[in-house]
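Hello,

Have a look at it first and then read on.

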Amino acid sequence: MLDIHRLIGLQKKTAPFTPGDAMFWTEPYIAKQLLATHLDPSTEAASRPPEVIQTVVDWLAARLDLKAGDRVLDLGCGPGLYAARLAEKGLRVSGVDFSQNSIDYARESARQQGLEIDYRCMDYLSLNDEDCYDAALLIYGDFCPLSPDQRARMLANVRRALKPGGRFVLDVTTPVLRERAGAKNGWYAADGGFWRPGPHLVLEQGFAYEGDIFLDQYTVIDPDGRATVYRNWFQDYSPDAIRAELEAGGFTVEGLYGDLTGAPFQAGSEWIGVVARGD
């Protein structure tokens, strides 16, 4: 039975970074939709277009002076769109992702291409690798959904995993992107779609918080009235804010860019690309 009182309560702000009822990237049906979105070159909902990914990989290889045989860690690697291109350059790549669906696809794709890539299905917040990578990547805003405690743990894990002087590369969103995207506030019913294979109702809500924190909340209601809440949190950054957080985590920022193709950062940039060195 539909719990109207719960739906009323969901219209109020929850504490920042409170998780939803479920993690959509591990639900079997939704995970398949996420993978399809990653692989769809016509949308940037989960990955950038193939030509942009190739430009990013080429720029990073040059910017970091990566040579054949160097070791690279791709955190949140998804279906291996960056990892495969890095491996094609002769780099020894390890990819980590929480989605078994994506890892299975990445492994099969690497096998078909004859690429040796170490793919692991695991939570990168539990990573315990030590002193073995020349570079670590966290691409397409994967730093932004993490809570402050999770981000601190992530930075500690990356520092430990890098060789002395190894580089950490990431990109984060700015409030400019949030202003352009706007807040979700609406609903729709569907016979099937991203969230469910059959009939369902979706309530979308966006909440802005102090400190450039934002929440996209999706309440999916099944025909039996069961409501499942999915939350996607975002921490947006200014150049000063991301620099301060990385320095507090033990990194020295070598460069800030408008994205990870090396474009210059400007006041209207929607992204900040970061190259930092582990100290």
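Beyond its neighbours within four places in sequence, Glu 245 is in contact (heavy atoms within 4.5 Å) with Phe 143, Arg 151, Leu 155 and Tyr 237. With Tyr 237 there is also a polar contact, side chain to side chain, at 3.0 Å; the term stands for a pair of N or O atoms within 3.5 Å, where within protein one must be able to donate a hydrogen and the other to accept it, and residues adjacent in sequence count only if both atoms are side-chain atoms. Glu 245 sits in helix H8 (residues 239-248). Its C-alpha atom is separated by 31 Å from that of Thr 37, 208 residues apart along the chain.

Before you go further: this is a predicted model, in which local features need pLDDT of at least 70 and side-chain atom pairs count only at pLDDT 80 or more, while totals for chains, interfaces and linings use all residues. Residues are numbered from 1 along each chain as its sequence is written, and side-chain values use heavy atoms, leaving out hydrogens and water.

Now to the sheet. It is open and mixed, with 7 strands in the order E3-E2-E1-E4-E5-E11-E10. Helices (H or I, at least four residues) and strands (E, at least two) are DSSP runs numbered from the N terminus, and two strands pair if DSSP finds at least two bridges between them. At the edges are E3 (117-121) and E10 (251-257), each pairing on one side only. From one strand to the next, the twist averages 20 degrees; axes are lines fitted to C-alpha atoms, for helices over the stretch in contact, and angles run from 0 to 180 degrees between N-to-C directions.

Strand E4 (residues 133-138) pairs in the parallel sense with E1 (residues 71-75) over 4 bridges. Across that pairing, Leu 73 stands opposite Ala 136, and Asp 74 opposite Leu 137. E4 also runs parallel to E5, joined by 5 bridges, with Leu 138 opposite Leu 170. Because 5 of its 6 residues are buried, E4 is largely enclosed by the rest of the structure; buried means under 20% relative accessible area, with a 1.4 Å probe and protein chains only.

Helix H6 (residues 148-161) packs on the sheet, touching E1, E4, E5 and E10, and its direction makes about 145 degrees with that of E5. E4, H6 and E5 make a right-handed β-α-β unit: with the strands pointing away from the viewer, the path from the first strand over the helix to the second runs clockwise.

Best wishes

Notes. Buried < 20%, exposed > 50% of the residue type's maximum accessible area, 1.4 Å probe, protein only.
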